[in-house]
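Have a look around it, and then read on.

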Amino acid sequence: MSPNGKNGSKNLTDPYLPGHGDSSYEVTHYDLDLDYAIENNNLSGKATLHVRALKKTDELVVDLHALKVVKISGLKVSRYTHHDSRLRLKLAKELGKGDEAKLTIAYRGVPTTVKDKVGDAGWEELTDGAIVAAQPGGAPSWFPCNDRASNKATYTINVATHPDYLVVCNGVRTASRRRAGRVVWTYQVFEPMAPYLATVQIGRYVEVPMTANVPMSAAVPPARRAAFERAFADQPAMFDFFVRTFGPYPFPVYRVVITDDSLEIPLEAQSLSIFGSNFLNRGWDAQRLIAHELSHQWFGNAVTMSTLKDIWLHEGFACYAEWLWSQESGGPSTDERAREHYDGLARKPQDLLLGDPGQDDVFDDRVYKRGAMTLHAIRRHIGDVEFFKLLPAWVAAYEGRNVTTSDFAAFARQQTGHSIDEVLDAWVYAPQLPAFPG
């Protein structure tokens with residue numbers, strides 16, 4: 001069965017990301033073997049894609065940006081072209097619907113970010129190391145993939161690099177071993193993961209264990225350790241609160257990475273989050289982002305939008321998690337946070353359609369705040385008891401799968417016995433800001 005389970009029919013490319021993804025096939029597993037030379041930012045790799053045809057096809061299109069293809073093996077290819085980050089493979093023999101095959105691509109070069117209208121993303125050099133910030137379309141900057149959120153897969157990631165550096169990737173670390181003056185780090189991702197959530201973090205980090213109900217740790221520059229321990233002191237309590245509120249944590253580990261460099265914003269990847277050293281403080285703006293990125297493990301990583309037009313299902317939920325944590329941690333109540341940000345929305349242009357914001361406004365702050373206000377309105381509409389049953393039930397029902405707003409509406413009706421269509425029509429499908437939910 002597809003990693004998308006019953007939702008496997010949502011094998012969609014994304015209109016907001018033209019030139020990414022191929023809906024004629026899916027990748028079920030990636031085996032990635034990488035070698036990274038820090039001194040010249042040079043990456044060489046071999047990727048084996050386990051593919052399954054979703055319809056009869058004699059061509060596969062793989063996304064790979066700025067890196068040179070060295071060799072193609074496994075699945076027999078009669079010819080290929082590689083232009084504009086699209087590797088087009090003409091197959092020697094047609095694949096029928098449901099046919100499975102292995103495709104191995106060796107490649108090398110200097111990775112650079114992928115530039116899309118919705119934002120630049122991908123592999124970047126740090127002052128001393130590397131970071132992958134792949135949302136929304138940066139995965140092809142470091143490995144060949146079927147770059148669409150609707151194609152979740154499992155992963156094995158091996159990264160060899162200089163022995164003075166720690167490598168952090170998604171999932172469970174299963175090995176680290178020396179080889180020819182390098183250290184090879186191996187990570188296994190057992191839960192389905194969208195390509196944009198795959199990541200590699202490389203730096204002169206030390207690992208700091210944290211006490212939690214799952215293995216939790218941080219990769220931190222040694223000189224930042226004391227500041228990290230102060231700033232992230234509440235993360236285990238956040239974790240426990242989110243488990244109580246959203247249901248069991250969906251992955252076997254959780255890590256954070258703190259780069260020595262400052263970052264404009266933190267970001268989440270599956271089973272880990274990345275913060276710049278500029279977020280190492282106890283102020284609300286830092287604390288809310290620690291909560292925000294952690295909550296994405298449930299809303300965004302376990303349950304993932306099918307396409308970017310439904311990004312509010314990630315960012316609205318994560319923003320609302322901030323407001324929930326505010327009340328839980330003794331700060332302003334969730335309702336007070338909602339009123340504060342409602343007033344801010346009221347002062348901004350009323351031209352955003354939350355359910356289809358367009359390429360220019362995918363990451364507009366109004367998507368975050370109006371998305372959170374939508375949840376507050378749903379909560380007022382169905383009541384606290386049903387609302388706090390709905391959140392963990394939603395995650396449990398769709399974990400590992402891709403979703404749409406329509407899925408959420410239908411599930412809410414089934415789960416609670418209440419229709420939320422009227423709320424969604426006002427908050428998600430109309431640009432004018434409704435009255436504050438009463």
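## Helices that cross and pack

The axes of helix H5 (residues 334–346) and H6 come within 10 Å of each other and cross at roughly 130 degrees. Axes here are lines fitted to C-alpha atoms, for helices over the stretch in contact, with angles that run from 0 to 180 degrees between N-to-C directions. Before going further, note that this is a predicted model, where local features need pLDDT of at least 70 and side-chain atom pairs count only at pLDDT 80 or more, while totals for chains, interfaces and linings use all residues. Residues are numbered from 1 along each chain as its sequence is written, and side-chain values use heavy atoms, with hydrogens and water left out.

Back to the pair: H5 and H6 are therefore oblique to each other. For such angles, under 35 degrees counts as roughly parallel, over 145 as roughly antiparallel, 65 to 115 as roughly perpendicular, and the rest as oblique. The crossing of H5 past H6 is left-handed, a label used if the near helix is turned anticlockwise from the far one by less than a right angle (clockwise makes it right-handed). Where the two touch, residues including Tyr342 and Leu345 of H5 meet residues of H6, among them Met373 and His376; contact means heavy atoms within 4.5 Å. Helices (H or I, at least four residues) and strands (E, at least two) are DSSP runs, numbered from the N terminus.

Helix H8 (residues 405–416) has 12 residues and reaches 16 Å from its first C-alpha to its last, close to the expected 16 Å. That expected span is 1.5 Å times one less than the number of residues. Among the buried residues of H8 are Phe408 and Phe411, and buried means under 20% relative accessible area, with exposed over 50% and partly exposed in between (1.4 Å probe, protein chains only). The buried residues of H8 pack against helix H4 (312–328), helix H6 (365–382), helix H7 (384–398), strand E22 (401–403) and helix H9 (421–427). Just after H8, glycine 417 takes a positive phi of about 80 degrees.

## A sheet of seven strands

Now for the strands. An open sheet of seven has the order E4-E7-E2-E1-E11-E14-E13, with mixed pairing. Strand E4 (68–74) and E13 stand at the edges with a single partner strand each, so one side of each lacks a neighbour in the sheet. Neighbouring strands of this sheet are turned by 15 degrees against each other on average, direction ignored. Two strands pair if DSSP finds at least two bridges between them.

Strand E1 (residues 25–37) is mostly covered, with 10 of its 13 residues buried.

| Pair | Direction | Bridges |
|---|---|---|
| E1 and E2 (residues 42–53) | antiparallel | 12 bridges |
| E1 and E11 (residues 153–161) | parallel | seven bridges |
| E11 and E14 | antiparallel | eight bridges |

## Spots in the loops

Asparagine 41 lies in the loop between E1 and E2, and its phi is near 50 degrees, a positive value in a residue other than glycine. At 6% relative accessibility, asparagine 41 counts as buried. Alanine 180, in the loop between strand E13 (172–179) and strand E14 (182–193), also isn't a glycine, yet has a positive phi of about 50 degrees. Alanine 180 is exposed, with a relative accessible area of 78%.

Finally, the peptide bond from glutamine 135 to proline 136 is cis, with omega near 5 degrees. Proline 136 sits in the loop between strand E10 (129–133) and E11.
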